[in-house]
Amino acid sequence: MIDAPKTQASVKEPDIRSELHPGGEASYSRALPAAAAGNTVDTTHGVILYLENINVVFDGFRAIKDLNLYIGVGELRCIIGPNGAGKTTMMDVITGKTRPTSGSAFFGQNIDLSKLSETEIANIGIGRKFQRPTVFEAHSVLENLELAMKADKRVWPTLRSRLTSEQADRIAEVMETVGLTQAYARQAGLLSHGQKQWLEIGMLLMQEPQLLLLDEPVAGMTDAETERTGELFNTLKGKHSLMVVEHDMDFVTQIAQGGNVTVLSEGSVLAEGSMDQVQNDERVIEVYLGR
Ligand SMILES: Nc1ncnc2c1ncn2[C@@H]1O[C@H](COP(=O)(O)OP(=O)(O)OP(=O)(O)O)[C@@H](O)[C@H]1O
Ligand SMILES: [Mg+2]
């Protein structure tokens, strides 16, 4: 879980609180979680995402075929599969970027994603991380997180020139979660590739998403950064539901632990189960080794 940043005499840490309150005390108000934006997601059955009989056809090519997939609340689900299996297309369907030719996609039991725009889907609590980091390079880590908060329309009415104490706490907490507390003043453009990725994840976390979609998050990272990212995801699960698409099998093994791994192939679920189960599945071995 997340520890509040500690300020100890023995450890030289930046005083984020004073950075965040340049003008002194601000009025108190609260950044509302996504659900408070109007649509309250109903997860009483323990499921955050329902994809049922989804088909996506591009000019006659069936990129997704009768796909059925369910993600539990707080689950960390790994999605693996060969190139062209439809993993990214599935994320495009969830976020409204691509509309399925048929089938249904629901957020919780009650929110029909086909009825919402891409922006609305982002605002109800589905955050997506693309492969390339898209941070504001000329701004500091802290400013990027502030901007992510300001980009959140739900916060606009309460956001004036200064952050509230609660917003400042939230930024400090997210910085600690993604391991960038020490680098808070650094210009984002000067961060390592891994740190940029963590910053972008932090920016997503500012919106308090219930479901996070991460497409190849460790591509291009060093081994140490990859491992640190695995630790980060392990702290995020439970609090958030995560869908992680990755080709790096060591990383998948690190984060899958006892959880379920879904193997996509040619637009459908080929296998689903623990990492051990799917790795020993003959059909999975066949698609990975080629026919
Ligand atoms: N907009 C599009 N128009 C036509 N075909 C597309 C489009 N988007 C994806 N495809 C095709 O759909 C199939 C699935 O692509 P997708 O990008 O979802 O695969 P993926 O599993 O994410 O692969 P990778 O592991 O390489 O990222 C591929 O054959 C791809 O060429
Ligand atoms: Mg892809």
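This is a predicted model: local features need pLDDT of at least 70, side-chain atom pairs count only at pLDDT 80 or more; totals for chains, interfaces and linings use all residues.
**Entry 1: Met90**

Next I looked up where Met90 sits, and I found it in helix H2, residues 87-94. Then I asked myself which residues Met90 touches, leaving out those up to four places away in sequence. My list reads Ile64 and Leu67.

I also checked Met90 against Gly267. The two are 177 residues apart in sequence, yet their C-alpha atoms lie 8.6 Å apart in space.

**Entry 2: Helix H7**

I moved on to H7, which covers residues 223-236 and has 14 residues. From first C-alpha to last, I noted a reach of 20 Å, close to the 20 Å expected at 1.5 Å a residue.

Which residues of H7 are buried? I wrote down Thr229, Gly230, Phe233 and Leu236. They cover an arc of only 125° around the axis, which means that they share the same side of H7. On the face turned away from that buried side, I found the exposed residues Ala224 and Glu231.

What do the buried residues of H7 pack against? I traced strand S3 (76-80), strand S8 (241-245) and helix H8 (249-256).

Last, I looked at what comes after the helix. H7 is followed by Gly238, and I noted that its phi is positive, near 95°.

Terms used: Residues are numbered from 1 along each chain as its sequence is written. Chains are lettered from A and ligands numbered from 1 in the order in which they are written. Helices (H or I, at least four residues) and strands (E, at least two) are DSSP runs, numbered from the N terminus. The expected span of a helix is 1.5 Å times one less than its number of residues. A residue is buried if 20 or more other C-beta atoms lie within 10 Å of its own, exposed if 12 or fewer, and partly exposed in between; C-beta atoms are placed from the backbone. The arc is that of the directions from the helix axis to the C-beta atoms. Two residues are in contact if their C-beta atoms, placed from the backbone, lie within 7 Å.
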